[in-house]
Amino acid sequence: MGQYQLRDTSDAVVAEESFGDFEEANTWALEQDAAAGWTLFQQIGGDWVPARHDPTPAG
């Protein structure tokens, strides 16, 4: 189980959840109602590490 956070452009946590693998977390992140520019973070060894950036093209 991995812990994931979705953060907005100001680094505020929009949502947090646990998933069995990255693909589940990735799908979850894409389904969230977050403003463009979000970043998905994964907790690895106690540190929060960027795992994916918003795929939406910039304005």
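Leaving aside its neighbours within four places in sequence, which residues is D54 in contact with? Contact is taken as heavy atoms within 4.5 Å, and on that basis D54 is in contact with A35, A36, G37 and W38.

## Basis of the model

This is a predicted model, in which local features need pLDDT of at least 70 and side-chain atom pairs count only at pLDDT 80 or more, while totals for chains, interfaces and linings use all residues. Residues are numbered from 1 along each chain as its sequence is written, and side-chain values use heavy atoms, with hydrogens and water left out.

## The segment after β4

D54 is found in the segment after β4; helices (H or I, at least four residues) and strands (E, at least two) are DSSP runs, numbered from the N terminus. D54 is buried and yet has no salt bridge. Here buried means under 20% relative accessible area, exposed means over 50%, and partly exposed lies in between, with a 1.4 Å probe and protein chains only. A salt bridge is a side-chain nitrogen of Lys or Arg within 4 Å of a carboxyl oxygen of Asp or Glu.

The nearest side chain of opposite charge to D54 is that of R52, 6.9 Å away; Lys and Arg count as positive and Asp and Glu as negative, whereas His and the chain ends are not counted. The D54 side chain does reach the backbone nitrogen of G37, at 2.6 Å.

Strands β1 (residues 2-7) and β2 (13-19) pair in the antiparallel sense over 6 bridges. Two strands pair if DSSP finds at least two bridges between them. Within this pairing, Y4 has E17 of β2 as its bridge partner. The hairpin has 5 residues between the strands, and D11 takes a positive phi near 75 degrees.

D8 is found in the loop between β1 and β2 and is partly exposed, at 27% relative accessibility. The side chain of D8 makes a polar contact with that of S10 at 2.8 Å. Such a contact is a pair of N or O atoms within 3.5 Å; within protein, one must be able to donate a hydrogen and the other to accept it, and residues adjacent in sequence count only if both atoms are side-chain atoms. Not counting residues up to four places away in sequence, D8 touches V14 and W38. V14, in strand β2, is partly exposed at 42% relative accessibility; beyond four places in sequence, V14 touches L6, R7, D8 and A34.

How many salt bridges does a search of the whole structure find? The search finds 1, in which the side chains of R7 and D11 meet at 3.1 Å, N to O. Side chains of opposite charge can pair when their charged atoms come close. R7 is buried, with a relative accessible area of 11%, whereas D11 is partly exposed at 44%.

The side chain of R7 also makes a polar contact with the side chain of Q5, at 2.8 Å. Q5 lies in β1 and counts as buried, at 7% relative accessibility. The C-alpha atoms of Q5 and E17 are separated by 6.6 Å, although the two residues are 12 apart along the chain. Apart from neighbours within four places in sequence, Q5 is in contact with V13, A15, E16, T39, L40, F41 and W48.

## The β3–β4 hairpin

Strand β3 (residues 39-44) is joined by 6 bridges to strand β4 (residues 47-53), and the two run antiparallel. L40 has R52 as its bridge partner in β4. This hairpin has 2 residues between its strands, and G45 in the turn has a positive phi of about 60 degrees.

## The nonpolar core

The largest nonpolar core has 9 residues in all: Y4, L6, A15, F19, A25, W28, A29, W38 and L40. Such a core is a set of buried Ala, Val, Leu, Ile, Met, Phe, Trp, Tyr and Cys residues joined through side-chain atoms within 4.5 Å. The elements that give two or more residues to this core are β1, β2 and α1 (22-31), and the largest share, 3 residues, comes from α1.

L40 belongs to this core. Not counting residues up to four places away in sequence, L40 touches residues including Y4, L6, A25, W28 and A29.
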